[in-house]
Every structure is written in C-alpha cells, then in structure tokens.
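Please keep the sequence and the structure at hand while reading.

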Amino acid sequence: MIITDTHTHLYSEAFDKDRDEMISRALQSGVTRFFVPAIDSTYTESMYALEQNYPEHVFLMMGVHPTHIKDDYKEELEHVQQALESRKFVAIGEIGIDLYWDKSTLQQQQEAFRIQIQWAKRYKLPIVIHCRDAFDEVFEILEEEQSEDLFGIFHCFTGTLEQAHKAISYNMKLGIGGVVTFKNGKIDQFLLEIDLKHIVLETDAPYLAPVPYRGKRNESVYILEVLNKLSTIYGQSVKHIAEITTKNSKDIFNI
C-alpha cells in the first residue's frame, strides 16, 4: 500500500533535530511519496538538500507563499522564475491568497497569484493553492485564468460543500488533511458527497496535526489518521482510499 502526502514542509525548522527519523517513521508506515511546497527563497537550498537525500521519495514545488508576499515580493517572484527556468519542479506552489494575517497586501497577493498561475500554464504544471479567509478572492482569479491548462490542488480545503464543488469546477482536487479529524472541522459532515476521485491526502506538516495529536507538531506519518477518518466517512478500506488518493496525486503531479 502506497500512501502519498501531497503537502508536507519536510524542510521546516521544526524537524531540524530529528528530520531523518521523522521521515523514516513515515516510510516504514507506507507513506513513501512526499510533495514539498515552497514558501520563499530562504528555504530553497534546504529543499534541494532534502531532494538530494531522498530522490526516490521527495518531489519539489516552486512558488511564493502568500503570507510571504512582502515589499520584496517582485524579487521573490524573480527567484521563482529563475528556478523554473533552471530545473524541473512538479508544481507551482504553494501560492494563493491569505487574508487571515494581513489584508493590507491583498493587491500584491493577487498580482503574485495571477503571475504564478500564468507560469504554471506556460510550464504545463499544476498549481497548489493556499487559501485562508479568501475564497471569493481566490475564485475570482481562478475564474479569470481558467483554461484546460489550469489544474491542481486546493490545499488544506476547509470550505463549504458549495465551495468544494466550485473548486472542483476549476479542475482542482481537494487536499484533505488533519482538519477532517477535528470536531469543529465541518468538512467531515459533507465529504461523502464528494467523489473520491476529487480528493488527495496531505498533512501540511509540521502544522495542523490531526486528532489525537492536535496541538502538537505534525509529521507525515500522521497522515494515517486522515486516511482512517476517510475510511470511516466513505465506508471503504484504508487500502482502497490510499490507492485512489495516490492515483489522484499521480494524475496531478504526473509522477
């Protein structure tokens, strides 16, 4: 059984003391495919080192996280563009709009999101979307940019059933992680109405650890809790859920 974590920050400082042990725990549990999103240029070398150490298991994205769209965002975008021209990545991500932390950068976030979507279309890569308190703003840009070339994952999906259907209509899979195990997570109440073909699994480690680890450091092996929850929701075996969601990840990332 192959389990795929489509969104994990394995290079995070939270893993500096036990990164190899943490990855080993995941590998031993069948989590053997790790898709690693970018945040900004300060993490690029750490990402490359991670890929070099685990070439069969780690697959890198490139992009600027919306909360890191600051005064120097054009320089950050230039870094992304240079990286895309110099080597292969599996996706543009994570990109999007976050209005939870800072609404003052909305215009810059919108511009960066739009530019990176256009790069994804140029390089025929999927996008991985970060959306927090910004569904309307994200959907507005997806509506403007939609095309057969635009597809990807709506990372850490926490919206309503209506928003789920809308995201899917833009050729997006829904990234389901620890939130599905939360009592107040809400998405578990309607997920059965979403066909499994639209879903991929993720942890967002070291963030958003699932129950029973909520509030602690998340790690990729905890995706088993997400898998078990989906098995309960859909009434399907863990093996079946793992197979379908891994297939979906292959359809998106082409790996």
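How are H7 and H8 oriented to each other, roughly parallel or roughly perpendicular? The answer follows under the second heading, after a word on the model.

## Basis of the model

This is a predicted model, in which local features need pLDDT of at least 70 and side-chain atom pairs count only at pLDDT 80 or more, whereas totals for chains, interfaces and linings use all residues. Residues are numbered from 1 along each chain as its sequence is written, and side-chain values use heavy atoms, with hydrogens and water left out.

## Packing of helices

Helices (H or I, at least four residues) and strands (E, at least two) are DSSP runs, numbered from the N terminus. The axes of H7 and helix H8 (residues 238–253) come within 9 Å and cross at roughly 105 degrees, where axes are lines fitted to C-alpha atoms, for helices over the stretch in contact, and angles run from 0 to 180 degrees between N-to-C directions. H7 and H8 are therefore roughly perpendicular to each other, in a scheme where angles under 35 degrees count as roughly parallel, over 145 as roughly antiparallel, 65 to 115 as roughly perpendicular and the rest as oblique. In this contact (heavy atoms within 4.5 Å), H7 contributes Leu227, Asn228, Leu230, Ser231 and Tyr234, which meet Val238, Ile241 and Ala242 of H8. Six of the residues in the contact of H7 with H8 are nonpolar and two are polar, with no charged residues; here Ala, Val, Leu, Ile, Met, Phe, Trp, Tyr, Cys and Pro count as nonpolar, Asp, Glu, Lys and Arg as charged, and the others, Gly among them, as polar.

Helix H3 (residues 73–86) packs against helix H4 (residues 106–123) at an angle of about 10 degrees, their axes being 11 Å apart, which makes H3 roughly parallel to H4. On the H3 side the contact involves Tyr73, Lys74, Leu77, Val80, Gln81, Leu84 and Glu85, and on the H4 side Gln108, Glu111, Ala112, Ile115, Gln116, Trp119, Arg122 and Tyr123. The contact of H3 with H4 comprises eight nonpolar, three polar and four charged residues.

## Pockets

A pocket is an open set of points on a 1 Å grid over the protein atoms alone, with protein on both sides within 12 Å along at least five of seven lines, while a cavity is a set of points where a 1.4 Å probe fits but cannot get out; lining residues have an atom within 4 Å of a point. Grid points are joined across faces, edges and corners, and a volume is the space filled by probe spheres set on the points.

The largest pocket holds about 680 Å³ of space and is lined by 25 residues, of which Asp98, His130, Arg132, Asp204 and Leu208 lie nearest its centre. Strand S4 (91–98) and strand S5 (127–132) each supply at least two residues of this lining, and S5 gives the largest share, three residues. By class, the lining of the largest pocket has eleven nonpolar, eight polar and six charged residues.

The second largest pocket has a volume of about 180 Å³, and the residues lining it include Lys88, Phe89, Lys124, Phe151 and Asp251. Its lining divides into eight nonpolar, one polar and three charged residues. Lys124, one of the lining residues, lies in the loop between H4 and S5 and has a positive phi of about 55 degrees although Lys124 is not a glycine.

The structure holds one cavity of 30 Å³ or more, and the largest cavity contains about 50 Å³ of space. Among the residues that line this cavity are Cys156, Phe157, Glu202, Asp204 and Leu208. The lining of the largest cavity is made up of five nonpolar, five polar and two charged residues.

## The loop between S8 and H7

Pro206 is found in the loop between S8 and H7, and the peptide bond from Ala205 to Pro206 is cis, with omega near 10 degrees. Pro212 lies in the loop between S8 and H7, and the peptide bond from Val211 to Pro212 is cis, with omega near 10 degrees.
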